[in-house]
Amino acid sequence: MALRAVFTRVLPQARSLRAAVITRAPAPFSTAAVAPRDEEAEWEAAFLEATDSFSGDSDHTESSEALRALVKSGLLKHTDLRDRPDRFFKAHRLLARHAVREGPGFWIRFTVHYNLCFGTVLAVGGPEQVAAMADVEARGQLGCFALTERLAGVQSGLVVETTATYDKDSKEFVLHSPSEGSLKNWISQGHVADKAVVLADTTVDDQRVGPHAFLMDLASPGVSTGDMGVKTTGNDLDNAWIAFDNVRVPRTALLNGHCDVDEATGGYVLKTQGVKPFEMIGQRLYTGRVAVAQAALAFRSQLFDVTKAYADNKSIPDVARTGAAPKLSGIPQLKALFAEADETAALLEDFVNKCEDRLAPLLRTGAVPDEELAHAIATAKVKAVEHSIDLAWRLKQEVGSYALMGSSGFKHLDFLNCCKFAEGDSRILMQKMARDRLRKFAADLKAGAADDGTEEARLAGELAAALAPARGDKAQQAALWDEHYLLVYALAEQMMDRTIREF
């Protein structure tokens, strides 16, 4: 019930928002969406035509070749994330609706290439490295993003154990996987990619300078990969583990927009004061979370559209024998579910679109979202995904054997599960929200203003009291945090509900 609580309070707003929002959501597999200019309508039509024939039943090679052709076409440029963020996000929304029919494989392959890999080059690469992306487009080369490791990654706070040590004599970095736990894991497009952005804990002149990003040729000597195995869906996408055995890459492999290694002295140079390169790499999580939220909403919308079209034409027995056989979509519980989905989708679409609108100017300038926007984007990601999972699962329970048919789209519901743990697992994001709120509670308490009478403040105070016996002992605090996990998530839910109401 907590998932739907906010919608119960704000559904009246949803009806008024629907007309404004619907023009932003693309029609299924068509060019019917309203575009601000003829140029945009033409671009959307060309993009849909170029991607309409992709098949989720293809193998890694066929699927990757399809993306190579799309990259080479120039329909979406690597710099559009900065120069045309509206087009970047629209491309993601259009492809997400295909996932109902073909599965999530191509959408994930697409966003890994454009957002995670070359979006990182755009964010932290130097001018020459950014300019070189045009050659990648011309060649139709593909990229992957090697952050997550078996024992580290996004869920551990962006920690990495892969090492990058600068060799001053050869002017090379040596990338190495020091343990089984440091192997890069679940790297989408990891088998077929030409390029890889690799995140590694970097040491220069015997001094650790933290995680940095490197752009390298994945075919370099010393790189080995292995397949993660058959998945429940999206098997046209290759997912690999990647290991580095003292792999040597040139000094220029370091993405050097904000930092570099001096070629003459071999010393580390921070080029942009006050900006840590890893903070800028985190920018990809913000764009990714918005894209994931939009993808979840688009998938859910398309699944409901397809199912409703079936239900509107499916006759069911009239037990009262009153005349014409009623349709499946007229069953009270299914009719109510369609109405709920239509109304609540408007609210979430509007909220996510506002997050995109606030983020877009920052992408153009390279700025990092402030705390308010970062929290709103995390909220958008969690709520859009969890809302879509909830509605899609409930829909599946109401349509009988139709949900078992391969053409229904329900076999690809694990796309939403992919969305759940992509760009920060929903539960991890909610725990961070609760921790942030506790810090604010402590500051407000010190200032004499901790209790503003809201349910959110009450829950923050209750959680703070539950953790108080730890008296700063981190191990005991962690144990109490786990013990009171329901309180943690209840606090996060209140925060997200407030954010959606106020944003």
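**Note on the predicted model: aromatic pairs, cores and strands**

1. A search of the whole structure, which is a predicted model, finds 13 aromatic pairs. One of these is formed by F173 and F214, an edge-to-face pair with 4.9 Å from centre to centre and 65° between the planes. The pair links distant parts of the chain: F173 belongs to strand β3 (residues 172–176) and F214 to strand β6 (residues 207–217), with 41 residues separating the two. Both F173 and F214 are buried.

2. A further pair to note is that of Y402 and F410. Their ring centres are 6.4 Å apart and their planes meet at 85°; the pair is therefore edge-to-face, since planes over 60 degrees apart count as such. Y402 is buried, as is F410.

3. Aromatic residues also occur as a group. W43, F47, F110 and Y114 make up one aromatic cluster. Setting aside residues up to four places away in sequence, F47 has contacts with L70, L75, A91, L94, L95 and F110.

4. The largest nonpolar core has 118 residues, and the members that touch the most others are F47, W107, F110, F173, L175, M216 and L395. Another core lies apart from it and consists of 22 residues, including L438, A460, A470 and L491.

5. The charged end of R300 sits over the ring of F304, at 4.8 Å from the ring centre. In the other case, the charged end of K308 sits over the ring of F338, at 5.8 Å from the centre.

6. Strand β3, which holds F173, deserves a separate look. With strand β2 (residues 163–167) it pairs in the antiparallel sense over 5 bridges, and Y166 stands opposite F173. The two strands form a hairpin with 4 residues between them, and K171 in the turn has a positive phi of about 60°.

7. Strand β3 also pairs with strand β9 (residues 247–250), again in the antiparallel sense, over 4 bridges. Here V247 in β9 is the bridge partner of L175. L175 is also one of the residues that touch the most other members of the largest nonpolar core.

8. Which strands form the open sheet, and in what order? The sheet has 3 strands, in the order β4-β8-β7, with antiparallel pairing. β4 (184–188) and β7 (223–227) stand at the edges; each has a single partner strand, so one side of each is left without a neighbour in the sheet. On average, neighbouring strands of this sheet are turned by 35° against each other, with direction ignored.

9. Within that sheet, β7 and strand β8 (residues 239–244) run antiparallel and are joined by 5 bridges. T225 stands opposite I242 in β8. As a general point, side chains in a regular strand alternate between the two faces of the sheet.

10. Is T344 buried or exposed? T344, a residue of helix α11 (residues 332–365), has a relative accessible area of 1%, and because buried means under 20%, T344 counts as buried. T344 and H387 are 43 residues apart in sequence, and their C-alpha atoms are 8.9 Å apart in space.

Terms used
Residues numbered from 1 in each chain as written. Predicted model: local features only at pLDDT ≥ 70, side-chain atom pairs only at ≥ 80, totals over all residues. Heavy atoms only, no water. Core = buried A, V, L, I, M, F, W, Y, C linked by side-chain atoms within 4.5 Å. Buried < 20%, exposed > 50% of the residue type's maximum accessible area, 1.4 Å probe, protein only. Contact = heavy atoms within 4.5 Å. Phe/Tyr/Trp six-rings, centres within 6.5 Å; stacked < 30°, edge-to-face > 60°. Lys NZ or Arg CZ within 6 Å of the ring centre and 35° of its normal. Pairing = 2+ DSSP bridges. Axes fitted to C-alpha atoms, helices over the stretch in contact; angles between N-to-C directions.
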